[in-house]
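Open the model in your viewer and follow the stops below in order. Each stop says what to select and what is there.

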Amino acid sequence: MIANYGYKDGSGEYFISVDTEKCTGCGDCVEACPYGVFEVVEDPMDPLSDDQVAIVTEAERKKIKYTCGPCKPVSDRPPLPCVAACLEHAISHSW
Amino acid sequence: MAEDTTSKDYWRWTESNWHDPDMDWREGDIISAGVDVGSVSSQTVIMVDGKLYAYSNMRTGSDSPKSAENAMDWALEGTGMTLDDIHYAVGTGYGRVNVPFAKRAITEIACHARGANFMYGPTIKTVLDMGGQDCKAIRVDQKGKVVSFLMNDKCAAGTGRGMEVFADLLGVHITKVGEMSLQVDEEPPMVSSTCVVFAKSEASALLREGWPKEKVLAAYCLAMAHRVVGLLERLGIEEDFAITGGIAKNIGIVSRVEKELGIKALKPSLDTQIAGAIGGALFATALLKKERKKK
Amino acid sequence: MITAGIDVGAKNVKVIIQEDGKILGKGLVLAGLDTQASIKGAVDAALKDADLASDKVEKVFATGAGRKDVPDADDSYTEVGADAAGAIHLYPQARTVIDVGAEEGRAIRVDERGKVVDFAINERCAAGAGAFTEAMARALELPLEELGRLSLTSTKAVPMNAQCAVFAESEVVSLIHAKTEKQDIARAVHDAMATRITSMARRVGVKPDIALIGGVARNPGFVDSLQRDLETEVLIPEDPEYVSAFGAALLAAGLGK
Ligand code: SF4
Ligand code: SF4
C-alpha cells in the first residue's frame with residue numbers, strides 16, 4: 001500500500017509517502033527524523049494484520065510543510081534524514 | 001427500503017434509521033456493529049453474520065461519546081436487540097476513540113474502503129469521499145483492502161466547509177448550491193485561488209462586477225471539482241469509481257468531477273454516508289472470527 | 001535624483017518618493033476594484049506629502065503582485081528584490097529579511113553586499129500571511145490592533161491545531177466557548193502564525209541581524225511570538241509596510257543592490 005500523509009493547500013502539495021510493502025517497521029526513520037514526524041505502529045489501514053509499519057504522526061500530518069522546512073533549505077539541499085535512513089527506500093516526499 | 005425520516009435538513013440529508021424486518025437476528029452467529037462518529041454526522045450499522053441488518057444516520061452532537069450512544073440506540077430501536085447482544089463493535093471516524101462500547105478503533109480510510117467494497121461490489125477501484133471537513137481519495141483492491149490513499153483535512157478548499165463559506169457569502173442555502181451552479185448557459189472561467197479565504201475575496205470582486213450568483217457558484221464549483229480531481233490524480237484513477245460523503249449530494253460538484261475525469265461515478269444502492277460504519281461492522285465480524293479462532 | 005517606488009500589494013498600494021536615500025513623501029491607498037484609480041490615489045498622496053509636482057519625479061519603479069499594472073513605470077522589480085534593497089538600506093547589517101504582508105510571507109537571505117542569496121515564499125494559502133490574523137481577529141470580534149496588544153498580556157500558551165485559516169476560525173470559536181481567555185487565544189493565533197514564518201525563514205538559513213518588514217510587523221503580538229520562536233530580536237523600521245516601495249524607489253535611483 002502507498003500511504004500518502006500530508007495535504008494539498010493553496011500553496012502546493014506536501015505529501016510524505018510510505019510504501020508499506022517495503023517498510024519493515026524497523027524504526028530507522030523514527031530515529032533519524034529530528035522532529036518526531038514518524039512513529040511505528042500496527043498498520044492502521046490493515047486492521048486484520050499485525051504488521052508494524054512507519055506512519056506520519058497524526059499531529060504532524062497537517063503541518064509537514066513547516067515541520068520539514070529546516071530539512072529542506074532552498075539551496076544546497078542535503079539528502080533528507082528520513083529518506084536516507086530508510087534502507088528499504090520506502091519513504092518519499094512529494095516536494 | 002423503508003426509511004423513517006425526520007425533517008431536519010442539513011447537508012441535504014435526513015436523519016434516518018432502518019432495520020430489516022424479515023431477518024431474525026436471534027438466529028445469527030455473529031452480531032457486529034460499526035459506529036462512525038464524524039464531525040457532522042454519526043452512523044451505526046449492525047450486521048448479522050456479515051449481512052446488513054440495521055442502521056442509523058444522525059447528526060453529531062457536541063459530545064462524541066453521547067453521539068455514538070445515540071446513533072447506536074437509534075439503530076437498535078424496534079429491533080428487540082440490546083447493546084449486550086452485540087458481540088463486537090468497532091468505532092471509526094474522527095471521533096472513533098470516543099465510542100464507549102467499541103472494542104477497537106479503526107481509521108476511517110480502512111473502514112471506508114471496506115464499506116465501499118460492500119456497497120458497490122468487488123469491481124470498485126477508486127473512491128472519492130468528500131466530507132464536511134476533509135477530502136479523501138482511496139484506491140482499493142477487489143477485497144476492499146486499501147491499495148493507496150490520501151486524506152486532506154488540513155485545507156478547507158475541497159471540503160464541505162469551503163462550500164459552506166461560499167453559500168454563506170452568497171446567501172444561498174447549502175442544499176441549493178449544486179443546482180444553482182448549473183443554471184448557467186456557459187461555464188465561466190474557474191475561480192483562480194484555491195485558498196477559500198482568497199477565493200472568497202475573488203468571488204466578492206466578481207459579485208461587485210455584476211456577475212449573477214449562479215455564475216459565481218459555477219466558477220467555484222468548477223474550481224473545487226478541479227481541485228479534487230488533482231488529488232485523485234496523485235493516486236491514479238481506475239474504474240469503477242464512486243463518490244461518497246456529504247458533497248456527493250452536490251450535483252454541481254459531482255457532474256463537474258465526472259466531466260473533468262471523463263468517467264461516470266457509480267450510483268449507490270445505499271446511503272453512501274453509512275459506508276464507514278458498514279466497513280467498521282465488517283471489520284468487527286472479521287476481528288471476532290479471528291479472536292474465536294485463537295481460542 | 002528624485003525617484004518613486006510603487007508597491008502594488010494585495011491589500012494596499014504604497015508609494016514612496018525619495019531623494020538620495022531620504023524619504024520625501026509617502027502615500028497608501030486601499031487596493032480597490034479599480035487598480036488604476038488606487039495607484040493614482042497613492043501616487044497623488046505621496047506627491048502631496050512630499051509637496052512636489054509630478055514632473056519632478058525622474059524615474060518610477062514598480063513592485064508587488066500587481067506591478068505589471070503600473071502604466072508608466074520605467075521598470076519593475078520583484079518583491080524579493082525590492083524588499084532586500086529597502087531593508088538593507090535601512091539596516092546595512094541585516095542578513096535576513098522577513099516580509100509578512102496581507103497575502104504573502106517572504107524570507108530573504110542577503111550577503112555582506114546586500115545581494116539576495118536565497119529566498120523562500122509562503123503564498124496562496126492565507127494561513128501563512130496577514131490574512132490569517134485578520135480572519136482570527138474577526139472570529140474573536142476584535143479589531144486587529146486589539147488582537148496584537150491583548151496577545152502580549154497572555155501568560156499561557158494554548159496550542160492551536162488547525163493549520164487553515166478557515167478551520168482555525170472554528171477552532172477559535174470553540175476556544176471561546178470553552179471559556180479560554182481571549183488573550184491566550186490571541187497568543188495562540190500569533191504563535192501559530194510565527195511558527196509558519198520561522199519555518200519558512202529556516203529554509204533560507206536565519207542569520208542575524210534580522211529585519212522584519214511588511215504590514216504585519218505592526219502587530220506587536222506577532223512580533224513577540226516571532227521573536228520567541230526565533231530566539232532573537234528582530235529589527236523593525238518605523239513604516240514597515242513601505243519598505244518594499246522604498247526599495248523600488250532606491251532601485252530606480254540606482255541606489256539599490
Ligand atoms: S524531512 Fe526531516 S523533518 Fe521531515 S520527515 Fe524527514 S527527517 Fe523528519
Ligand atoms: S489555502 Fe486557504 S483554505 Fe487552504 S489551508 Fe490555506 S488558508 Fe485554509
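Start by selecting chain A and chain C: the area buried between them is about 1,200 Å², with 53% of it from carbon and sulfur atoms. Buried area here is the accessible area (1.4 Å probe) that two parts lose on being put together, summed over both. In this interface, 13 residues of chain A are in contact with 15 residues of chain C, contact meaning heavy atoms within 4.5 Å. The rule finds zero salt bridges across it (a side-chain nitrogen of Lys or Arg within 4 Å of a carboxyl oxygen of Asp or Glu).

The model is predicted: local features need pLDDT of at least 70, side-chain atom pairs count only at pLDDT 80 or more, and totals for chains, interfaces and linings use all residues. Residues are numbered from 1 along each chain as its sequence is written, chains are lettered from A and ligands numbered from 1 in the order written, and side-chain values use heavy atoms, without hydrogens and water.

Next, select ligand 2. Residues from chains A, B and C surround it, so the site is shared between chains. Of the 14 residues around ligand 2 (a heavy atom within 4 Å), the nearest are A:Gly10, B:Cys155, B:Cys195, C:Cys125 and C:Cys164.

Then move to ligand 1, whose surrounding residues include A:Cys33, A:Cys68, A:Cys71, A:Cys82 and A:His93.

Finish at helix α2 of chain C, residues 79-90. Ten of the twelve residues of α2(C) are buried, that is, under 20% relative accessible area (1.4 Å probe, protein chains only).

Note on methods. Helices (H or I, at least four residues) and strands (E, at least two) are DSSP runs, numbered from the N terminus. The expected span of a helix is 1.5 Å times one less than its number of residues. Buried means under 20% relative accessible area, exposed over 50%, partly exposed in between (1.4 Å probe, protein chains only).
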